[in-house]
Amino acid sequence: MLEYAGSQRSGLRAEREGIRLLAVVRSLDWILLGGVAALVAVGLWGVAGVTKFAVPNDPSYYLNRQILYVAAGGAILVLAALVDPDLYRRYWRGIFAVTASLIAIVFVIGHAARGSTRWISLGFFTFQPSEFGKLLFVLALAGMLAERQRVLGSWTSTLRVLGLGLVPVVLVFIQPDLGTALVYMAALAAMLFVAGVPWRHLAVLGGVALLILVGVLWAGPAVGVSALKGYQQQRLTCFTHPSTCPAAAGYNLEQSLAAIGSGQVRGRGPNGSTQVNLGFLPASPTDFVFAGFAEQRGFVGAALLLCLYLLVLWRGLRVVTVARDLFSAVVAGGIVVALLFQTFVNVGMTMGIAPITGIPLPFVSVGGSSMIANLAAMGVLLAIHARGRASRYARRRA
Amino acid sequence: MASTTTAPPSPPPRGKQPDERGETVVQPYRLTPKLARRVGLLGGVVLIGFAALLLRLWALQVLSGSQYVARAQANQFRAVRVQAPRGPILDSSGRVLVTNQPVTSVELWWADLPKAYSRRVSELRELAHVTRVPLYEIAGMIKRRKLAGDLLTPIVIRDEAPRPMATYLQERAGGFPGVVLEPTYIRHYPNGSLAAQLLGYVSEVSPEELRTLAAQGYRPGDEIGQTGVEGQFDTYLRGIAGSGRVRVDSLGRPLGGRTLVTPPQPGAAVRLTISLPLQRAAEGALQYGIQLARNNGQWAANGGAIVALSPKDGSILALASAPSYRPSVFTGPVSSNALAAQGLTSHTALDKNYPALNRALDVTYPPGSTFKPVTALAALEEHLIKPSAFYPCTGTFTAPEDRSHHVFHNWDPNVYQGMDLPTALAQSCDTYFYRVGNAFYELPGSRGQPLQKWAGRFGFGKPTGVDVGPEQPGLVPTIGWKHRMYTPATDSKEWQVDRLWKPGDSITLAIGQGDLLVTPIQMARFYAALANGGKLVTPHVLMDVQNPNGTIVPTPAPPAAKRIPGLNPAYLRVVQQGLYEATHLTNGTSYGVFGGFPVPIAGKTGTAQKVVQLPGLTREEDQSWWCGYGPVNDPELVVCAVIENGGEGGSAAAPAAERVFGSFFHVQANLTGPIHSD
């Protein structure tokens, strides 16, 4: 039987017996876990303040739900940390099919909110497949990349991976959910990058992406072709000139800036934050939660939050380096870059340095799907780290 | 499997390594330098991204935080205007003529109305029903506010809500989103219709007025004095509106009540020279005079005016005009039905004989014989007559140069005697003055038009400059005026004849008839000049203006009394003698009224023909006049009374004026009864 280094079927077979569950637990990245826990805690603290007056006479309406989501997400994180990531590699085709059909099913049974069909109602819980799709997408594409790792230097391979990866991207884009589609694309690019696709390919793809961007945002509208809806177009370009933007498009950003700025160093506290409590800040529990948090907790709180993200991202990148195989490394790379992209774009949009897109802030924005999916992704990262460490110990012992 | 127990070789073995059997040796996955570089690069991206976020956060929150705090503050507070209570209007002794009444007003915050059109309409309909303000009026208020581009300040639906209405709305506040009850003030008139035209009224500033007044600080929703004292002295009365702020949410809905930022400064108290008891007496006297005229068969007598002023400085002590109205119709919700009932709309004004007109200032009448002192003084000054010389008083007079040979009649056809000037004034001999008028006509053109010149010096034909309007200038006909008046356009048939100044023009002018028109205030001012020895005063009602804290607001002083240039005091005394004889000799025209009055009064009757429009017909009616002053040795009060269509001056206007004197001097009159007179 022909076996390749990195696929490690044989190695794993040998190691599987050696790696006890205990070893996995022992080699958990406790700093990463601690960072995520702190992030979730700060996020809950933020939600508690931002949503204090969101529902009349029930200051903890959103907080209670968010705690429930954290509990569910925590359980899934533990589960994901214990599952051997190799499982995902073996069944990547199935995962891909589930991802694509979950996203596609929204068009059939989903329900619309704010002009966009993103949710599936499960009765007790409205579930947003594209959030879970982020993780599944990364797992599936990483599986494909790992399978093709011998031929990763070829254009055929790059284009095939790209072609398959763009299917869910397009599905999400036409929901329409431009922000999430961009997250998918960022994750896809990161996976190609980590998998070792040649710079030449990356440069060409990057150039094409840039051309498309220019075409869609500026050249297209100039000649009367618009791939984006008007509001998307405005939101993407408005942040460069908020004060001259149409009232509705510029208003959100102006209010967000006023909220963040008025927090100053110490914050105005949940009771004094007029931007949030009087409804001037749009979507304060979800997309603009960072602005509300910054208004209430000030620079001290917001900087603390950003540093916690930095900690988690640093540990996440470290996981890439300790991964046991290419699949794991690519998965870790995809998860970390998706997290980075979401955090940067969300926080950036509230401060006017990134376009306004409907991307929630991981671990903070109110929303079950996002919270659970992000915690699950962290679980996968922990699993990769633990297995990588465990296999290293095992190799060392051998 | 390659050995990895020893120190890892550098670079570590990687990829496929064909062994002896040509099979691939399984190599464990290792961190390659290439991957390490790429991960390092990603780390760099993370650091750059987060550095950008943190720097931006620092810039927003720490560097320009205070600026954003201001912006957030501005977001949540809406400035509202807090109306200042309007200053009271007082009489000369500080008695209240107009004051304020605290009331509850019903206001509407547009932004807080339901968003759904049907629910909005049904709420407004319900509100119209409860406040009894018609829906179309509410809609009109909203529309005007929309046009002004200001839907953020509340709209006053009804500025005085009776207690049950306020309670009803308060208890059902949930059913009326956007409706707020605010304490405010409305004008209160403790004396009813007293001095209504003089005091004027207050109403909300109109969009047309705003266009010119916005620069002076008026804003939509402000009250503004419309006419009379309220209008003239609005700047003193209105005070300075304060500002408050109301916390609103992002939809502009008010949260809680308003808080004062700068308290409003109440308006200053305007003290008038008017004396409340004398004003009341004058209005009573006017009604009495009208009633007397009606009793005499002058059924069309239905209005008039009385001016009472001090001849020393021109301060007006009473200014009555009838018919009158209740200014309280302009407070609270102004309904056109209520206005119509008071004769304040264009449809009902004629039926009610124009109650809004201030007849003392704003209506002109032919003065009739009350004008004779003007003719007398002018003729003396121009040496057309001698004070003590006797001239014939006959039943009729025909001017020798009058080609139409018109016969001018004396009011008393059975007279044939020589009269000196005082007697001619006392008995009001028309033919005496016809001759004087004819003498004016016969003067050579080089002498100009001395009668008109003297009339002008005595203040006729131009506004008196009284400090409260509106005021008519009146008319003194001149040769030039006739020439301008009659043109082919105005008088197509006989303009060439009509425009000529004929003997009859001078003759009728001499007895205060013809084209001559004067206002009662002009007449009172002239008699003041007769009383005070030839000084023309400027009538005024403003005494002083006092801030709520007691300090006096500087106001322009009324112009000082001006000596009439060229007037010979000796001639003036002759006329004064004539006026005294008119009230104290048995042949005097108002002897029956003033002959037994305890205080010596001098004065002149007048009966002026005027073509009047009555409801349904147009005919010539006698306007009853009396003007005079007293006590004669040191005059303190000038009274001029006109009873419209009241008949002879001695039978309606003189008894009315007598009542004013009676009130002023606190004496009871003992009338010998009005007599047949001019």
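## Chain A overall

A residue counts as buried here if 20 or more other C-beta atoms lie within 10 Å of its own. By that criterion, 53% of the 398 residues of chain A are buried in this predicted model. Chain A contains 17 helices and three strands. Taking contacts in chain A between residues at least 6 apart in sequence, 71% link residues at least 24 apart.

## Packing of α8 and α9 in chain A

Helix α8 of chain A covers residues 155–173, and its axis lies 8 Å from that of α9(A), at an angle of about 165°. Angles over 145 degrees count as roughly antiparallel, and α8(A) and α9(A) are therefore roughly antiparallel to each other. The crossing of α8(A) past α9(A) is right-handed.

On the α8(A) side, the contact is formed by T158(A), V161(A), G165(A), P168(A), V169(A), V172(A) and F173(A). On the α9(A) side, L178(A), T180(A), A181(A), Y184(A), M185(A), L188(A) and L192(A) take part. Sorted by class, this contact comprises 11 nonpolar and three polar residues, with no charged residues.

## Interface between chains A and B

In the interface, 47 residues of chain A are in contact with 38 residues of chain B. Six elements of chain A each give two or more residues to the side that touches chain B: α1 (9–18), α9 (178–195), α12 (247–263), α14 (274–277), α15 (289–322) and α16 (326–350). The most comes from α15(A), which gives 11 residues. The chain A side is made up of 28 nonpolar, 15 polar and four charged residues.

## Nonpolar cores

The largest nonpolar core has 133 residues. Those with the most contacts inside this core are V270(B), I306(B), V307(B), A308(B), Y527(B) and V660(B). Leaving aside residues up to four places away in sequence, I306(B) touches A282(B), A285(B), L286(B), A318(B), A320(B), V639(B), A641(B), A656(B) and V660(B).

Another core, of 125 residues, lies apart from the largest one. Its members include L171(A), M191(A), L326(A) and I335(A).

Most residues other than glycine have a negative phi, and most peptide bonds are trans. Chain B has exceptions of both kinds, described below.

A cis peptide bond links A322(B) to P323(B), with omega about -5°. P323(B) sits in the loop that runs between β12 (316–322) and α11 (336–341) of chain B. Another cis peptide bond links G630(B) to P631(B), with omega about -10°. P631(B) belongs to the loop between β22 (617–630) and β23 (637–644) of chain B.

Positive phi values are found at two asparagines. N353(B) has a phi near 60° and lies in the loop between α11 and α12 (359–362) of chain B. With 17 C-beta neighbours inside 10 Å, N353(B) counts as partly exposed. N645(B) has a phi of about 55° and lies in the loop between β23 and α23 (653–665) of chain B. N645(B) has 24 other C-beta atoms within 10 Å and is therefore buried.

Notes: Residues are numbered from 1 along each chain as its sequence is written. Chains are lettered from A and ligands numbered from 1 in the order in which they are written. This is a predicted model: local features need pLDDT of at least 70, side-chain atom pairs count only at pLDDT 80 or more; totals for chains, interfaces and linings use all residues. Helices (H or I, at least four residues) and strands (E, at least two) are DSSP runs, numbered from the N terminus. A residue is buried if 20 or more other C-beta atoms lie within 10 Å of its own, exposed if 12 or fewer, and partly exposed in between; C-beta atoms are placed from the backbone. A nonpolar core is a set of buried Ala, Val, Leu, Ile, Met, Phe, Trp, Tyr and Cys residues joined through C-beta atoms within 7 Å. Two residues are in contact if their C-beta atoms, placed from the backbone, lie within 7 Å. Ala, Val, Leu, Ile, Met, Phe, Trp, Tyr, Cys and Pro count as nonpolar, Asp, Glu, Lys and Arg as charged, and the others, Gly among them, as polar. Axes are lines fitted to C-alpha atoms, for helices over the stretch in contact, and angles run from 0 to 180 degrees between N-to-C directions. Angles under 35 degrees count as roughly parallel, over 145 as roughly antiparallel, 65 to 115 as roughly perpendicular and the rest as oblique. A crossing is left-handed if the near helix is turned anticlockwise from the far one by less than a right angle, and right-handed if clockwise.
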